[in-house]
Amino acid sequence: MTVDATPKKELAAIKGTKDILPSEAEKWRELESLARETFELYGYRELRAPLFEATELFEKGTGQASDIVTKEMYTFTDKGGRSLTLRPEYTPSVVRAIIEHRLDLQPEPMRYYFMGPMFRYDKPQKGRYRQFHQVDIEVFGEKDAAVDAEVIEMADALLRKLGVTRTETLVNSVGCRACRPAYGQALREAAGKRKSDLCPDCQRKAETNPLRIFDCKMEACQAVARSFPLIQDFLCEECRRHFAKLLACLDLYKISYRVEPRLVRGLDYYTKTTFEVVSSHLGAQNALLGGGRYDDMMKDFGGPDICGIGFAMGMERVLSIAELTPPKRKSLYLAYLGGEARTAGLELARYFRTNGVECLVEFKDRGMKAHFGRANKLQATWVLIVGEDEMKKGRFGLKEMATGRQVEGAREELLAILRER
Ligand code: HAM
């Protein structure tokens, strides 16, 4: 009977999702540990929120006019009749958790980080998935533009540790509730005049949320958007000062950046600062990370009036260009001969594992030559030889695969050698 190794279509991974196989998982872990290490140096602590939330949380937080809420949410009704949504982003969940647990009353700084999967029903392509992963950070209660710059500097520090080079940092200010309405009105008028040149989606946006026209990828819409008035000419005094201070702080940190007046980002909640780090290595989906300030979300959720700022980095995108060399694993392969040696070998494996040595044990009976062949395939660093003689003497053979060097010793002596190397 022949077995077809190709999985039937219905058993394959869902479009837009990916398995992370062991050979890639090492890089994921490296990224996660560098991110943790970096964020904790700036006083951030991990906050893990659930994978799904009440749908209203994203409608209210991410925004009714955003593409995410109008087109991309994985929403379902649970058995209790509640509308739930797999999180498309993390920011609203953090704000909810702060309000729910009154974290604002704790003495610790309100700086949080998180990493995990997000879900958006977008058209899958290179760099764009339906289940993707973000590393996310959020800071609350810091009004000063210095923190906006520090957040950007921290992103830059992490990218450097990841070996990601040739990036560009784009910054902008999208104003606040005081100054944006006038800008929105000016955009609405400008878009109204060019309505027939816009795609049907942007024709709708021209009335509902003209700022979103800047996000459209259609060349015709981008050409129209280039003729629109710029937000810089509409910023109120406070937003103007905030933006100037951000740029001055970035200069102080020696972070090179480009002011991109059309960087409005696809989420509704931003106020003042928005930023993105893009890479020319990525193709069409060129944003490695994006973020900004959102000073009204917490109070709009009915919580205290506390401002926030943060960013999220796409882990798949970063890993596709990161230069990571995870440390090479060291492992000890157990080569035993016969039933008694196997029992003794298992005891030894337990001893070495308890003492922090990775041991590879397989339960298929093999001759010594086959054991070595297998150890080679598994790229084991050492082979521990346990035969009848060794058991009698209580001294075992340890062979270093790369050099062929072999020593003999009691288990404690061998452990000392393994630790040394
Ligand atoms: P965002 O720009 O929607 O922002 O996503 C941030 C990053 O996630 C993007 O720059 C990209 O690298 C990655 N990303 C987004 N969608 C996909 C996808 N479909 N496939 C692969 N990667 C993707 C946010 O999510 C905000 N919550 C960021 C933030 C935090 N703003 C303030 N605090």
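**Notebook: ligand shell, sheet, pockets and cavity**

I began with the shell around the ligand, whose residues divide into eleven nonpolar, eight polar and seven charged. For these classes I count Ala, Val, Leu, Ile, Met, Phe, Trp, Tyr, Cys and Pro as nonpolar, Asp, Glu, Lys and Arg as charged, and the others, Gly among them, as polar. I note that this is a predicted model, in which local features need pLDDT of at least 70 and side-chain atom pairs count only at pLDDT 80 or more, while totals for chains, interfaces and linings use all residues. Residues are numbered from 1 along each chain as its sequence is written, and side-chain values use heavy atoms, with hydrogens and water left out.

**Entry 1: the ligand**

I found 26 residues surrounding the ligand (a residue is near if one of its heavy atoms lies within 4 Å). The closest are Glu-89, Tyr-129, Glu-138, Tyr-270 and Ala-287.

I then looked up polar contacts (pairs of N or O atoms within 3.5 Å). A side-chain N or O atom of Glu-89 is 2.5 Å from a nitrogen atom of the ligand. Gln-134 places a polar side-chain atom 3.0 Å from a ligand oxygen, and an N or O atom in the side chain of Arg-265 is 2.9 Å from an oxygen atom of the ligand. On its own the ligand has 660 Å² of accessible area, of which the protein covers 95% (Shrake-Rupley method, 1.4 Å probe).

The elements giving two or more residues to the shell are β6 (131-140), β10 (287-293) and β11 (308-314). I recorded β10 as giving the most, with six residues. Helices (H or I, at least four residues) and strands (E, at least two) are DSSP runs, numbered from the N terminus.

**Entry 2: the strands**

I traced an open sheet of eight strands with mixed pairing, in the order β1-β5-β6-β11-β10-β9-β7-β8 (two strands pair if DSSP finds at least two bridges between them). Its edge strands, β1 (45-46) and β8 (258-259), each pair on one side only. Within the sheet, β6 and β11 run antiparallel and are joined by seven bridges; Val-139 stands opposite Ile-309 in β11.

I also looked up β3 (residues 74-77) and β4 (residues 83-86), which pair in the antiparallel sense over four bridges. Phe-76 has Leu-84 in β4 as its bridge partner. This hairpin has five residues between its strands, and Gly-81 takes a positive phi near 80° there.

**Entry 3: the second largest pocket**

I noted a volume of about 540 Å³ for the second largest pocket. It is lined by 27 residues, and Arg-177, Arg-180, Asn-209, Asp-268 and Tyr-269 are the closest to its centre. At least two lining residues come from each of α2 (55-61), α6 (180-193) and α10 (297-300), and α6 gives the most, with seven. The lining divides into 13 nonpolar, six polar and eight charged residues.

For this search, on a 1 Å grid over the protein atoms alone, a pocket is an open set with protein on both sides within 12 Å along at least five of seven lines, a cavity is a set of points where a 1.4 Å probe fits but cannot get out, and lining residues have an atom within 4 Å of a point. Points are joined across faces, edges and corners, and a volume is the space filled by probe spheres set on them.

**Entry 4: the cavity**

I searched the whole structure and found one cavity of 30 Å³ or more. The largest cavity has a volume of about 40 Å³. Trp-382, Leu-398, Lys-399, Glu-400, Arg-405, Gln-406, Val-407 and Arg-421 line it. β15 (396-400) and β16 (406-409) each supply at least two of the lining residues, and β15 gives the most, with three. By class I have three nonpolar, one polar and four charged residues in this lining.

Methods:
Polar contact = N/O pair within 3.5 Å; in protein donor to acceptor, adjacent residues only side chain to side chain.
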